[in-house]
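Hello,

Here is the structure I promised to pass on. My notes follow below it.

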Amino acid sequence: MGTNQTLVIAHRGAKGEAPENTLGAFRLGLEQGCDAIELDIHLTKDDEIIVIHDSTLDRTTDMTGSIYDMTLEEIKKADAGRWFNEKYEGERIPTLEEVFDLVPADVMINVEIKHSTQGILEPLLLELMKRKDRMHNVVVSAFDYRNLLCLKQLAPETKVGLLYDVNNGSNSALIDSFEAAVYSLHPNYKGIDKEKVSDAIALGLQVYPWTINDESDMAQAIDYGVSGIITDYPGRLRDLLQLA
Ligand code: G3P
Ligand code: CA
């Protein structure tokens with residue numbers, strides 16, 4: 001086992017036990033003692049930043065349709081909780097601002113950009129992060145690094161994390177392919193090993209693998225020395241770290 005320094009990062013909130021990317025899921029993650037929250041963002045038709053994984057309402061609400069074709073007012077009519085459990089009936093898709101207002105200032109937020117185009121979302125995101133005094137403890141990640149480069153060009157102090165699936169190349173090659181400073185690596189946990197993790201840590205990077213739900217996989221990642229674990233079950237990981 002490693003140290004107790006491993007951050008517990010609640011994936012889309014406590015996604016395993018609450019409707020993902022809702023205030024209810026974020027509250028549950030906080031109650032379970034998470035150190036950080038991971039969430040996904042898109043822009044609505046009227047350029048509001050909302051917290052949802054998919055680009056449609058279909059899977060996680062009682063409505064259907066592309067969020068890019070709807071205003072925030074229309075999207076707020078969708079129930080984002082009942083599909084998961086009737087206890088969560090009435091949950092709404094939150095704006096990122098609502099999440100910033102809910103989450104205590106000492107809890108890190110990993111904002112993953114899912115919006116596939118660049119140019120409009122990034123300055124809006126930076127304006128919100130600055131207005132809410134979140135620049136220091138938000139890490140912005142994306143699979144599409146063009147979103148991250150856009151942020152770095154506008155505000156070089158932004159903490160950005162490179163998201164990727166299983167990567168067979170070296171950490172250095174990955175970092176060198178990105179033409180700005182990197183704060184963290186966010187690999188699929190299936191592609192990590194002790195050497196890759198220690199090499200990244202030695203390069204001064206945080207390593208946040210996703211999405212680890214099984215206790216033995218969590219224990220292995222802790223042993224590898226990861227900086228944090230993105231999990232649907234933050235309570236499970238918190239318990240494991242307390243036993244270590
Ligand atoms: O940020 C890690 C993980 O959330 C990436 O995959 O599909 O769950 O957003 P996904
Ligand atoms: Ca995500």
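A residue counts as buried if 20 or more other C-beta atoms lie within 10 Å of its own, as exposed if 12 or fewer do, and as partly exposed in between. Please keep in mind that this is a predicted model.

That cut-off settles the case of G225. This glycine has 16 C-beta neighbours inside 10 Å, so G225 counts as partly exposed. G225 sits in the loop that links helix 8 (215–224) to strand 9 (228–231). Its C-alpha atom is 9.7 Å from that of D193, and the two residues are 32 apart along the chain.

Now the chain as a whole. There are nine helices and nine strands. The radius of gyration is 17 Å, close to the 18 Å that the globule rule gives for 244 residues, so the chain is as compact as a globular protein of that length. The C-alpha trace spans about 50 × 40 × 30 Å along its principal axes. Of the 244 residues, 44% are buried. Among contacts with a separation of 6 or more, 55% are between residues 24 or more positions apart.

Last, the ligand site. Which residues surround ligand 1? They are H11, E38, D40, H53, E112, S141, L163, H186, W210, T211 and I230. By class, this shell has five polar, three charged and three nonpolar residues.

Best wishes

Terms used:
Residues numbered from 1 in each chain as written. Chains lettered and ligands numbered in written order. Predicted model: local features only at pLDDT ≥ 70, side-chain atom pairs only at ≥ 80, totals over all residues. Helix = DSSP H or I, 4+ residues; strand = E, 2+ residues; numbered from the N terminus. Rg over C-alpha atoms; globule rule 2.2 N^0.38 Å. Contact = placed C-beta atoms within 7 Å. Near = placed C-beta within 6 Å. Nonpolar A, V, L, I, M, F, W, Y, C, P; charged D, E, K, R; others polar.
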